[in-house]
Amino acid sequence: MTSSLTSIPFAKANACGNDFLVIDGIHAPADMAAFTRRICDRHAGVGADGVEWLFPAQDADIRARLFNADGSEAEISGNGTRCVAAYLSDEQAREKVTVRTGAGIRVCTLTSRTEAKYEFEIAMGEPQVGDEFPIKLAFREVRGIPVSMGNPHYVVFVSEFVPGWQAETAEIGRHHDFKYGINVELVIAQDSSNIETRFFERGVGETQSSGTGSCAAAVAAITTKRAESPVRVHAPGGVQTVRWEGQVFLRGPAQIVCRGEFFI
């Protein structure tokens, strides 16, 4: 029996608990934001932190447009880019994948593969690090370090992750100092080689991990001499390794979870 319903094919991939849907742009509807919100819904849709829409590129293997779960478009996701690389490697058995993102071209080098599980190292470019500055919240003041990885981050070092930290990071993310919103990282510096991080991402909320957030947290830790390169970034979704040698390199896993079709 065949279905008469119109559908859009997708692949679902996961990088340290940060999950994305990868969809060929040939299937993109006119309102990509509304469709992204619908398919990313974890109850009425497939469920994901965002959609990586893929289009042809003249100067890279593929162009990826990232839409967050709330329908907003973002410059780049490190974990999302790794999921795109895993998707292309699964399709075409590639050892190296170049992805044009909204923050420029990122080169993904395959370091290992076991069936549908991949590990890539991505050249993430040169970070831009600003001076630490305070933000006044409703109940207290916090101090953080602004870091750009092609997208904006605000890194706050803490001694512990207190209950309800999500509400405070959400308040930081919508603070008037950040006109276009910001990704927030809370970081505990464990030792010179390890940090533990929690992420509250613009357009998504709390996530299990973040590629660019891991880079920003590691860069801030190195800048303030709390850590030395390379840094292992521990998050609820897993561990990624960041090394800073001129530019930043991010290494971590990505896995193709499933493929399917979404009825529209």
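This is a predicted model: local features need pLDDT of at least 70, side-chain atom pairs count only at pLDDT 80 or more; totals for chains, interfaces and linings use all residues.

In soluble globular proteins, nonpolar side chains tend to be buried together. Here the largest nonpolar core contains 48 residues. Helix α4, residues 211–223, supplies the largest share of this core, with eight residues. Met 124 and Val 147 have the most contacts inside the core. Leaving aside residues up to four places away in sequence, Met 124 touches Ile 76, Gly 78, Arg 106, Met 149, Thr 212, Cys 215, Gln 247, Val 248 and Leu 250. Thr 212 and Cys 215, both on that list, fall within the residue range of helix α4.

Rolling a probe the size of a water molecule over the atoms shows where empty space is left. Two cavities of 30 Å³ or more are counted in this model. The largest cavity holds about 110 Å³ of space, and 14 residues line it. Leu 66, Asn 68, Ile 76, Ser 77 and Glu 201 are the lining residues nearest the centre of the largest cavity. Strands β2 (18–24) and β4 (62–68) each contribute at least two residues to this lining. Sorted by class, the lining of the largest cavity comprises five nonpolar, six polar and three charged residues.

The second largest cavity has a volume of about 30 Å³. Its lining is made up of Glu 52, Ala 64, Leu 66, Glu 75, Ile 76, Ser 77, Thr 81, Thr 101 and Gly 102. Three of these residues are nonpolar, four are polar and two are charged.

The largest pocket has a volume of about 170 Å³. It is lined by 15 residues, and those nearest its centre are Arg 140, Val 158, Val 162, Glu 168 and Leu 186. Helix α3 (residues 165–173) gives the most to this lining, with four residues. By class, nine residues of the pocket lining are nonpolar, three are polar and three are charged.

The last stop is Pro 29, in the loop between β2 and α1 (32–40). Is Pro 29 buried, partly exposed or exposed? Pro 29 counts as partly exposed because its relative accessible area is 26%. Apart from residues up to four places away in sequence, Pro 29 touches Phe 35 and Trp 53. Phe 10 lies 19 residues from Pro 29 in sequence, and their C-alpha atoms are 14 Å apart in space.

Notes:
Residues are numbered from 1 along each chain as its sequence is written. Side-chain values use heavy atoms; hydrogens and water are left out. A nonpolar core is a set of buried Ala, Val, Leu, Ile, Met, Phe, Trp, Tyr and Cys residues joined through side-chain atoms within 4.5 Å. Buried means under 20% relative accessible area, exposed over 50%, partly exposed in between (1.4 Å probe, protein chains only). Contact means heavy atoms within 4.5 Å. On a 1 Å grid over the protein atoms alone, a cavity is a set of points where a 1.4 Å probe fits but cannot get out, and a pocket is an open set with protein on both sides within 12 Å along at least five of seven lines; lining residues have an atom within 4 Å of a point. Grid points are joined across faces, edges and corners, and a volume is the space filled by probe spheres set on the points. Ala, Val, Leu, Ile, Met, Phe, Trp, Tyr, Cys and Pro count as nonpolar, Asp, Glu, Lys and Arg as charged, and the others, Gly among them, as polar.
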